[in-house]
Amino acid sequence: MAAVLGVSAHYHDAAAALVVDGRIVAAQQEERLSRVKNDPSLPQLAIDACLALGGIDAAALDRVVFYENPYRKLERVLVGSLAAFPRGAGFFRRALRSQLGDKLWVLDQLAAHLGVPRERVGFVDHHQSHAASALDCAPFDDAVALTVDGVGEDESTALWAPADDGPRRIASIGYPHSLGLFYAAITAYLGFRVNEGEYKVMGLAAFGRPRFREAMEQLLRVSSDGSFRLRTSAFGDHLRADRAYGDELLAMLGPAREPECPWDLQSDDDRRFADVAASAQLALEEVMLALARAAHEQSGARHLALAGGVALNCCANARVLAEGPFERVFVQPAAGDAGGALGAALVGARQAGDSIQGVFDPALGIAADAGRALAVARHLGLQAERVDDPEREAAERLAEGAIVAWVRGRSEWGPRALGQRSLLSRADDVTLRDVLNRRIKGREPFRPFAPVVRDAHASALFEGAPSDMTPTMTTVCRVKGDSLPGCTHVDGTARVQTVAGGGALDGLLQAMERQGQRALLNTSLNAAGEPLVAHVTDALDFFVRRKPDVLYVDDVRITR
Amino acid sequence: MRALADFVYTLSWRIPGRRWRRLLAFAEAEAESALELRCAAAATVDPERAALYLKHAADEARHAQILHRRAALARGAPVTLPRRGHGRLYERFGERVFVAYVHRGERRGRRQFEAHVRFFEERDPPLAAALTSILTDERRHERYTGELLEGPFADGAARARRRARLADLGHRWRRAGAALTAPLFALLMLVLYLLAAPLALGARAREADGWRKED
């Protein structure tokens with residue numbers, strides 16, 4: 001019986017997670033509290049929040065587990081920069097500055113921040129953290145984990161079997177052969193921020209034709225055993241996280257897109273970029289399918305659990321389930337580096353002798369404080385009052401065409417708004433979608449929105465829903481008919497969220513049904529480039545700046 | 001004295017090609033300040049002050065947008081607003097020192113913006129107008145943080161101001177130190193990299209593709 005804190009930090013998406021006696025008690029991304037998107041810094045706010053949610057003092061922690069091996073990471077960084085000699089000189093300098101400045105001392109930093117003895121602070125491997133987060137949160141046994149991301153210590157992809165003391169590695173593929181690196185390079189090529197713009201590439205892909213397929217096959221070559229090889233010479237700047245592509249890739253695909261330029265998908269240039277996105281997405285999906293087949297062949301498992309940043313590619317996940325060899329597929333919703341904190345805590349708990357218990361529920365973050373929202377809203381000059389039935393009232397407003405900011409209970413774990421910190425509107429109204437994209441969220445016009453629907457209606461509205469991935473929005477499904485134009489992407493799919501019985505969102509959807517609507521558009525409560533809202537003050541800040549029609553914080557209604 | 005301050009504050013505007021970079025740096029500072037204030041709003045126990053910090057944060061976010069747009073105009077091409085962290089001032093020092101620090105920053109910002117407005121009044125009237133709108137907000141921010149230091153935080157305000165001054169000096173010292181030592185560090189790292197060059201062959205030999213199976 002142990003209290004174990006898991007931590008990820010210093011690359012991107014720092015987070016903390018607390019597991020007590022084998023139960024996941026709390027998990028919180030630092031960016032939500034510091035308000036710095038993809039905040040990589042030591043997650044002191046998230047750690048303190050997790051301890052507060054667990055009601056325990058740092059001194060009571062039995063173990064603190066960092067999500068990767070900082071020493072092997074340093075080795076990989078040094079070897080990588082030497083392997084790229086002489087081009088790696090700049091990377092060598094930058095890497096040593098950050099490694100010696102912070103990263104190498106992370107275990108000591110954690111001990112100092114928490115005031116715990118240094119010997120209680122340890123680490124597990126990066127991909128093992130990912131694998132544990134997937135296997136231990138999955139709703140099934142008889143599973144193999146496939147972890148796919150940019151790079152861990154020195155591997156980019158790995159297969160894992162469940163074991164009592166944490167996942168056991170079956171096989172791995174070494175860096176720089178990395179799907180995460182490949183997609184990051186395309187993301188940068190298309191003018192988006194790496195580690196953030198990958199969703200945009202996926203959304204953009206639906207507008208293009210994969211006419212660069214052959215080029216992609218040269219860049220990313222799949223072997224008959226399901227492994228893959230990256231043409232590293234085309235990723236000449238792969239040591240630069242913000243660019244990651246080289247002149248050879250430019251020669252194959254044409255000039256890169258300037259960041260920040262407005263999109264015009266009628267123009268020849270932007271159509272070419274959409275075609276590049278479509279080709280890259282197709283290549284990634286093909287490799288993910290090959291990896292899934294290899295995972296099945298090497299493990300014999302019936303089910304697949306996915307994690308690592310690439311597992312956030314919901315279009316690829318859909319194909320893995322539909323065309324791959326597994327009966328069921330699950331994706332841990334914080335599949336990126338943040339999720340490593342949860343996996344590290346779970347491995348730590350197992351190594352302390354605990355078995356992992358409970359059904360995974362992603363509402364693991366800080367709670368909304370309606371009383372505080374009421375008080376602060378009034379000082380902001382807003383109308384704020386408690387209401388008897390917020391679900392019924394919100395449903396009426398939504399049916400009238402309002403855009404509703406919806407804050408309920410504990411915040412979500414992972415990048416998706418799942419009804420705890422959401423922006424909602426009717427799903428059948430295209431004009432509302434455009435208002436949301438342009439005025440409220442300030443996003444690119446091609447980006448789709450997602451629908452949310454009760455389990456009971458999922459199969460009527462979508463092909464292949466519900467599934468193990470739909471509760472956490474980690475897959476896409478084909479939309480049946482044309483009843484949801486506000487959240488059907490140009491390729492006829494939607495990243496649907498399904499909701500089981502109970503809970504406020506289920507209540508709201510039931511109230512919507514009484515208004516004649518079976519689905520809602522559900523998007524994250526944040527503006528472009530900002531982290532998802534966590535505290536109620538963040539929700540009020542968003543409400544004041546971005547002007548949705550109404551904000552509900554639990555049973556408090558806030559209007560202007 | 002004012003002429004000297006004007007000269008110092010506006011020196012970089014006179015250097016060709018620097019204008020858009022300076023405006024972008026201002027935008028970055030305003031965006032960082034907005035993040036600090038949002039964190040303060042979440043952390044303070046007092047709902048009235050939370051509301052004050054949120055209003056201030058909204059102003060800073062708007063300033064960042066204005067300055068970002070102006071930077072792009074000055075450059076004649078889109079520019080990306082760098083995204084960095086922030087100083088976590090509230091977390092590090094508590095609310096009283098945080099307010100003293102913000103007050104100090106707003107006073108300095110107000111003085112600088114007054115100089116910038118005077119500089120651009122005739123050279124670039126649209127930019128001067130944008131800066132004037134920001135200056136109006138800066139004066140309000142300076143006033144309300146000053147009132148907090150004389151009201152709810154009056155007890156211990158002098159000490160808080162001293163700590164804020166020290167924190168500010170420390171921040172500037174570290175920034176200057178980093179700027180001064182960066183070339184030396186770069187040189188040392190280059191030498192180290194060249195000395196390690198023979199290891200590159202071994203490093204390349206380590207690269208392998210395909211599955212690495214566990215025993």
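Below are my entries, chain by chain and then residue by residue.

**Ground rules**

I am working with a predicted model, where local features need pLDDT of at least 70, side-chain atom pairs count only at pLDDT 80 or more, and totals for chains, interfaces and linings use all residues. Residues are numbered from 1 along each chain as its sequence is written, chains are lettered from A and ligands numbered from 1 in the order in which they are written, and side-chain values use heavy atoms, with hydrogens and water left out.

**Chain A, overall**

I started with secondary structure, taken as DSSP runs numbered from the N terminus (helices are H or I with at least four residues, strands are E with at least two). Chain A comes out with 19 helices and 24 strands.

For 560 residues a compact globule would be near 24 Å, and chain A agrees with its 23 Å. The C-alpha trace of chain A spans about 65 × 60 × 45 Å along its principal axes.

For burial I used relative accessible area with a 1.4 Å probe and protein chains only: under 20% is buried, over 50% exposed, and in between partly exposed. In chain A, 64% of the 560 residues are buried. I counted a contact when heavy atoms lie within 4.5 Å. Of the chain A contacts with a separation of 6 or more, 70% are between residues 24 or more positions apart.

The accessible surface (Shrake-Rupley, 1.4 Å probe; for residues, only the protein chains shown count as cover) is about 18700 Å² for chain A, with carbon and sulfur atoms supplying 47% of it. For charges, I took Lys and Arg as positive and Asp and Glu as negative, leaving out His and the chain ends, and placed each at NZ of Lys, CZ of Arg, CG of Asp or CD of Glu. Chain A has 62 positive and 73 negative charges, and their mean positions are 4 Å apart.

**Chain B, overall**

Chain B has 8 helices and 1 strand. Reading from the N terminus, I get α-α-α-α-α-α-α-α-β. Its radius of gyration is 23 Å, but a compact globule of 215 residues would be near 17 Å. I noted spans of about 70 × 45 × 35 Å for the C-alpha trace of chain B.

Buried residues are 45% of the 215 in chain B. Of the contacts in chain B between residues at least 6 apart in sequence, 77% join residues at least 24 apart. Chain B exposes about 11800 Å², and carbon and sulfur atoms supply 58% of that. I found 40 positive and 27 negative side chains in chain B, with the centres of the two sets 5 Å apart.

**Cysteines**

How many disulfides are there over all chains? The search of the whole structure gives 0, with a pair of cysteine sulfur atoms within 2.5 Å as the criterion.

Cys50(A) is buried, at 0% relative accessibility. Cys487(A) is buried at 2%.

**Two residues I looked up**

Ser425(A) lies in strand β17 (residues 421-426), and I have it as buried at 0% relative accessibility. Beyond four places in sequence, its contacts include Leu398(A), Ala402(A), Ile403(A) and Leu520(A).

Gln357(A) is in the loop between α13 (337-351) and β13 (363-367), partly exposed at 34%. Gln357(A) and Arg23(A) are 334 residues apart in sequence, yet 5.3 Å apart C-alpha to C-alpha. Besides Arg23(A), Gln357(A) is in contact with Asp21(A) and Gly22(A).

I logged a cis peptide bond between Tyr175(A) and Pro176(A), omega about 10°; Pro176(A) sits in the loop between β8 (168-174) and α7 (179-189). The bond from Ala465(A) to Pro466(A) is also cis, with omega near 0°.

Arg35(A) is not a glycine but has a positive phi, near 70°, and is buried at 8%. Asp142(A) has a positive phi of about 50° and is partly exposed at 37%.

Methods:
Rg over C-alpha atoms; globule rule 2.2 N^0.38 Å.
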